[in-house]
Amino acid sequence: MTTDYFHPVSHTSMADTPANNGTVNAIKGDSVIAHAKGSPGTYSAPSRVTLHLEHLPSKHIKAPWPRTPSRVDPNNPPWPAYRGYHEYSFAHATMGVRLPTILGKAIDDTSRTLNEQSNEDRIVDLVQCLERMDLLMADLSGNAKLRPIIDDGEGDVALWNKEIAKYFQGKDFMNAPWLFAEAYKYRRLHECFSVGRYWKDYDVFYRQKCDTFARSADAVFELSMRFAEPFKQSENISEKEKAENERLMFLELTQVCLWGNSTDLSLLINMTEEQIKSLQSTGGDHLAATEKNILGNHLKQLWETVKVLPEKTGGRIDFVLDNAGFELYCDFVYADFLIQSGLAKQIRFHGKRYPWFVSDVTRNDWNWLLNTMVYGHLFPKASEAERESLRRLGARWKQYENDGRWAYEQHPFWCTGYTFWDLHSEAPDLFLHLSRSDLVFFKGDLNHRKLTYDCAAPASIPFDVAIGPMASAAGAPKICSLRTIKSDVVVGLGDDGDAIAEKLDKEEPGWKISGKYAVVLLSEGRPGEKVRFA
């Protein structure tokens with residue numbers, strides 16, 4: 001790590017600077033004067049005089065958190081932002097270590113692809129992509145200032161450059177808010193290929209995503225063997241028993257969908273197969289044991305919301321997707337149940353237009369998973385019964401897509417640096433589209449960070465307060481965040497949330513990044529109200 005990562009105090013706001021605890025340091029003037037006159041050999045480190053200010057009034061001024069809505073913007077979240085130069089936060093480790101490591105692996109992947117080419121034009125074009133990646137590595141490692149995005153024809157260029165011009169002029173990777181700086185790095189990585197000729201859609205993370213799913217055999221077949229047959233209730237039980245069975249199935253599959261998020265390639269860079277199996281355990285005993293780790297738990301409220309959808313509304317549910325591979329597979333299992341049980345009639349999945357945060361779902365990842373299940377030979381040690389269960393699941397899911405019950409969408413806004421507090425103003429068409437959904441699931445850590453502005457809000461802050469306009473704007477849909485906790489921001493833990501967080505800070509210092517804990521948080525929104533834009 002270069003010394004450029006460690007910024008002088010001037011970067012830190014007054015609100016973030018520790019108090020001096022009643023002492024003031026003064027520099028003796030004669031040493032400074034001697035140095036100013038350039039007297040050789042007379043300068044030494046300035047001595048200090050400590051003044052003990054015991055009888056002055058104590059300090060009662062508190063930082064004005066949260067900011068009022070009119071003072072909130074991408075560089076000034078409602079509560080203090082996490083920034084790369086904050087050594088106490090996961091932001092520092094990400095910007096200083098994780099992102100260069102991820103970019104290094106991307107360069108290795110591209111070099112491997114280059115060595116497999118034979119066409120000279122394609123080779124030359126890919127060499128130029130590698131040169132641009134090297135420049136990005138130099139910018140990231142040297143903590144360069146954030147420049148505008150080159151116009152590569154993507155629909156998000158104007159949004160990116162407007163945000164940079166308005167809020168981040170002169171900012172660098174380490175003093176811009178972590179969420180924006182991290183997103184900017186992935187946008188620049190896409191630009192390395194998108195301005196070229198032959199490799200515009202190249203995915204440097206594709207091999208990793210496919211390989212991780214291939215190493216997930218135990219969990220994949222645990223689910224496929226259970227759900228290859230369509231969900232049916234026994235005819236010999238009462239309506240009350242059927243309702244209870246449906247409730248229990250919903251709660252268990254919600255947990256499967258939640259904990260499937262444990263496999264995040266941007267965090268699990270060098271994970272072994274056994275570690276992956278441990279994270280992906282989906283057995284009933286495991287789920288019962290892990291529910292106690294859901295710190296903000298709105299599962300009961302979620303069921304009360306979902307069970308009435310068939311009789312009250314059209315039954316449309318949306319998923320804002322997170323990771324490809326095993327997590328997407330778990331999302332599909334969950335969505336399959338929602339369709340078969342009649343709890344939903346249509347499900348829309350929202351993914352990314354290009355590779356994003358290593359493992360986020362793209363259209364190519366969606367197609368690969370379905371086609372691999374139906375036609376692939378990814379699991380050579382699987383039994384014929386296991387392979388058949390996977391084929392039947394894949395065929396049913398492809399049919400959902402063909403008949404319109406499932407749909408994949410990819411709006412440009414999902415790959416911008418904006419948080420979802422700005423979705424209403426910067427992507428009104430998308431907000432209007434989501435407002436017509438009966439329930440929107442936001443999957444995973446990154447989506448949760450964007451919902452909550454990724455800032456140091458107290459853990460006791462209610463979820464609907466933390467997500468701002470996504471709960472309070474007219475027409476805001478009901479929202480459920482399914483998130484295993486993998487970064488600093490934690491909200492929605494109830495009235496005792498601050499005490500819970502402080503206790504975990506003392507007993508398990510890495511609890512916010514371990515993936516051991518989770519939240520299932522529901523916002524009622526303002527559905528049914530007419531959406532209005534300023």
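Is Lys162 buried, exposed or partly exposed? Lys162 is partly exposed, at a relative accessible area of 35%. Partly exposed lies between buried (under 20% relative accessible area) and exposed (over 50%), computed with a 1.4 Å probe on protein chains only.

This is a predicted model: local features need pLDDT of at least 70, side-chain atom pairs count only at pLDDT 80 or more, and totals for chains, interfaces and linings use all residues. Residues are numbered from 1 along each chain as its sequence is written, and side-chain values use heavy atoms, with hydrogens and water left out.

**View 1. Lys162 and Glu426 form a salt bridge.** A salt bridge is a side-chain nitrogen of Lys or Arg within 4 Å of a carboxyl oxygen of Asp or Glu. Here the closest N and O atoms are 2.7 Å apart. The pair links distant parts of the chain, 264 residues apart: Lys162 sits in helix α4 (residues 157-167) and Glu426 in helix α16 (residues 423-426). Helices are DSSP runs (H or I, at least four residues), numbered from the N terminus.

**View 2. Arg363 pairs with Glu401 in a salt bridge.** The closest N and O atoms lie 2.5 Å apart. Glu401 belongs to helix α15 (residues 384-402) and Arg363 to helix α14 (residues 363-375); the pair links distant parts of the chain, 38 residues apart. Arg363 is partly exposed, with 30% relative accessibility.

**View 3. Arg449 and Asp454 are joined by a salt bridge.** Their closest N and O atoms are 3.2 Å apart. Both residues, Arg449 and Asp454, are buried.

**View 4. Salt bridges link Asp109, Arg112, Glu116 and Arg207 in a network.** The model's salt bridge count comes to 35.

Methods:
Helix = DSSP H or I, 4+ residues; strand = E, 2+ residues; numbered from the N terminus.
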